[in-house]
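Here are my notes on this one, as numbered points. Have the coordinates open while you read.

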Amino acid sequence: MLRSLVGSEMCIRDRSELRKIGLQEMLSEASKIIATNKTPFFIDTTGNAAVFYKYKGTLIEFGPIIVQHRMGKKSKEEVTEELRLGLKAAVPAGSALAIHIDKTTVDLREFNHDAYFPFDKVFEPKAFAVESVYSKILKPGEIEEPLFKALSGFRMKDTFEVVIVSEAEESDIPTLRTKYPATKFEFVMIQ
């Protein structure tokens, strides 16, 4: 097993060091990880995790979005808005927000916004669950939208969660581990 030290934490060097689960275990594994106040980062070798979340949650297909951004067709603000809209949909529904980064090694901190996509809070379940934090993702006037009026406001259901799904190559895992530190994320391979 090859390991290297990054700061004070061990860095996973290849897939052989990742805990492995089947697709059918993904939801229960996500719950266990979130209970430790971390965000699940699923390395999906089956190609089916994103499909699952498309039907059982709120899925952001981030691969094409980041390609458009890198080509200059989407601004940083437009990308951050895509992330915010995902949160806005998933929080009151109590669904999982799955950010599917595909095979990219994108660093979502690049799209941090103190109110609309606070990276350090979104990926720390207990910190984001505070109403004064999650309610900031709404823009002025959005609380007046019919859905939120019908729900008597913008409230987070306790079933809300955030996961990241990736089909990263083995050679990309060390890079991803530096962008998504073990203090906030737990990497698990789905096979």
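1. Buried here means under 20% relative accessible area, with exposed over 50% and partly exposed in between (1.4 Å probe, protein chains only). By that cut-off, the buried residues of α4 are V79, T80, L83, R84, G86, L87, K88, A90, V91 and P92.

2. A word on provenance: this is a predicted model, where local features need pLDDT of at least 70 and side-chain atom pairs count only at pLDDT 80 or more, while totals for chains, interfaces and linings use all residues. Residues are numbered from 1 along each chain as its sequence is written, and side-chain values use heavy atoms, leaving out hydrogens and water.

3. Helix α4 (residues 76–93) checks out on length: its 18 residues, at 1.5 Å a residue, should span 26 Å, and the end C-alpha atoms are 26 Å apart. The expected span is 1.5 Å times one less than the number of residues. Just after α4, G94 has a positive phi of about 75°.

4. Leaving aside residues up to four places away in sequence, F62 touches V79, L83, I99, H100, I101, V106, L108 and F111, contact being heavy atoms within 4.5 Å.

Note on methods: Helix = DSSP H or I, 4+ residues; strand = E, 2+ residues; numbered from the N terminus.
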